[in-house]
Amino acid sequence: MTDKITVAGVAVDTRHWIGGERVASAGTFTDVSPIDGGVIGEIARGTATEAAAAVAAAKAAFPAWAATPRAERARLLHAVADGVEKRIEELAIVETTDNGALLRSHRRGVMPRVAHNFRFFADWLLSLEHEDFDTRGHTNHVDWDPAGPSVLITPWNAPLMLSTWKIAPALAAGNTVVLKPAEWTPLTASLLADIAAEAGLPAGVLNIVQGYGSEIGDALTSDPDVRRISFTGSVPTAKRISASAAANLTPLSLELGGKSPLLVFADADLDLAVDLAVEQYDNAGQVCLAATRILVEESIAEEFTRRFTEKAAGIVQGDPRDEATDIGPNIHPRQLDKIDGFVRRAVEAGARAVIGGHPKDGQYYAPTLLTDVAQDSEIVQEEVFGPVLTLQTFTTEDEAVRLANDTRFGLAATVATGDKQRAGRVTAQLVAGTVWVNCFFVRDLQAPFGGSRHSGVGREGGNWSFDFYCDLKNTVTAP
Ligand code: NAD
């Protein structure tokens, strides 16, 4: 195994990052680019041994990091953000090569946001108030004590963005971390280790272990020295992790899948509603928040479908490194098969493909819209995680809400309406962690983010992140 590979001109270390040192494994796994199926390189394949070493390193570094003054922790996180900003071009091209998402959005949206994750939580830390109040002359003083070593496990659809959305608050809170990136996208995490080291983050504060969740996951999530586990990924994995964490009652934050609705009422700005619907194909549909169930008021369904089809015909699918491309490839041949399986079974069950409904050359799936789908069918109930939308109609507001809420998920919902009263009534009834009205994907890091039901447990963002990564302590002092 070579320790360093070159990815689109950028040197990437393929080893783990444990206790401030690069550590190899006996085995490797092959990282492949979804753009052309080409081999990127061999990556260290972690085992329980490296998992234990990473947790031990995080444990050893914890007391000093927890005792580091807030201002110094914040300074170091800003230094990491500076490093990210200096390397935006490199991070963007490496991430695109690894996961196939658009280079232009990595360059202009995602990587600046990665830097912002560090800056935001550094600043939030400094503004965190110690609460004090009085009980019959006794003072109550509430402290945000760092919880301890935290294991962070992340998926491939937005690798560095989702990892740093956990790393930044965990480190700001005074915890040390072990990150396990998804095995399909190991690269930018390794670059982050370089950036953190250059920024002066002490050894062992950030540790990264690479490998398959099925091989290294249990060792990380069942380790009694781990005080928090934050996971973003699928529901089946979340259940495994929950079972593993139960042995030590380790607190969990779970950000999981979705099957979010887009409700389009007849009084909506139809152009806006069509734009919102077509936007759901972004990142080839590999977005947990995607509103993949379009629910349209029957009176406008025909016109909506006509305009949607027209607009979707303009989507440029191709190499994610080209500026003109709107949708890149799907992550893996296995994912492509999964998407196609969902669509085939839906069509067999009576669905009609208004557009798409088939794979294309390479690792691409045609943007697909399916109608004539039953509410209790698999295609309406299960997350596809590809560019596949369904369209159903409703005639009353009550019916729209009933259909919207009728899945086991509750991550997000989008409502398109020109009537503010209606927006208020409908959003009050929706089961979703985030509801957007006449917009989509507008996110503020101080807002709570997470899902209800099978979409997750807990919320991240602002104080909610610190709530999770801290052990709150109330000290009551007699007069
Ligand atoms: P996944 O559950 O297969 O994998 C996620 C991570 O878990 C990977 O790093 C994987 O290696 C690891 N893992 C697998 N088995 C493990 C085990 N036994 N123990 C510990 N870790 C293990 O999910 P995925 O396919 O990578 O991601 C797609 C899913 O993520 C979708 O369901 C999507 O909706 C969800 N997601 C949710 C959000 C959110 O914020 N709610 C954001 C992005 C993605």
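At which residue does UniProt place the feature "active site"? The unreviewed entry puts this feature at E255; UniProt positions follow the numbering used here, feature names are shortened, and annotations may be inferred rather than shown by experiment. Residues are numbered from 1 along each chain as its sequence is written. The model is predicted, and local features therefore need pLDDT of at least 70, side-chain atom pairs count only at pLDDT 80 or more, and totals for chains, interfaces and linings use all residues.

The annotation "domain: Aldehyde dehydrogenase", from the unreviewed UniProt entry, covers residues 27–474. Over this range the chain is 44% helix and 19% strand, and the end C-alpha atoms are 47 Å apart. Helices (H or I, at least four residues) and strands (E, at least two) are DSSP runs numbered from the N terminus.

E255 lies in strand β13, which spans residues 252–255. E255 counts as buried because 27 C-beta neighbours lie inside 10 Å; a residue is buried if 20 or more other C-beta atoms lie within 10 Å of its own, exposed if 12 or fewer, and partly exposed in between, with C-beta atoms placed from the backbone. Leaving aside residues up to four places away in sequence, E255 touches T232, G450, G451, G456 and E460. Contact requires that the C-beta atoms of two residues, placed from the backbone, lie within 7 Å.

The ligand is surrounded by 31 residues, the closest being G213, G217, G233, T237 and G257. Helix α7 gives the most, with five residues. A residue is near a molecule or strand if its C-beta atom, placed from the backbone, lies within 6 Å of it. By residue class, the shell holds eleven nonpolar, 14 polar and six charged residues; Ala, Val, Leu, Ile, Met, Phe, Trp, Tyr, Cys and Pro count as nonpolar, Asp, Glu, Lys and Arg as charged, and the others, Gly among them, as polar.

S222 is found in the loop between α7 and β12 (228–232). With 19 C-beta neighbours inside 10 Å, S222 counts as partly exposed. Not counting residues up to four places away in sequence, S222 touches S244 and A247. The C-alpha atoms of S222 and A245 are 5.4 Å apart, although these residues are 23 apart in sequence.

An open sheet of seven strands has the order β16-β17-β18-β15-β14-β19-β20 and mixed pairing, where two strands pair if DSSP finds at least two bridges between them. At its edges stand β16 (352–355) and β20 (434–437), each with a single partner strand, so one side of each is left without a neighbour in the sheet. Neighbouring strands are turned by 25° against each other on average, direction ignored. Strand β19 (residues 412–416) runs parallel to β20 and is joined to β20 by four bridges, with A413 opposite V435 in β20. Helix α10 (residues 298–312) packs on this sheet, touching β14 (261–264), β15 (293–297), β16, β17 (368–371) and β18 (388–394), and its direction makes about 135° with that of β15. Axes are lines fitted to C-alpha atoms, for helices over the stretch in contact, and angles run from 0 to 180 degrees between N-to-C directions.

An open sheet of three strands has the order β7-β8-β22 with antiparallel pairing. Its edge strands, β7 (131–135) and β22 (470–477), each pair on one side only. Eight bridges join β8 (residues 138–146) to β22, and P146 stands opposite C470 in β22.
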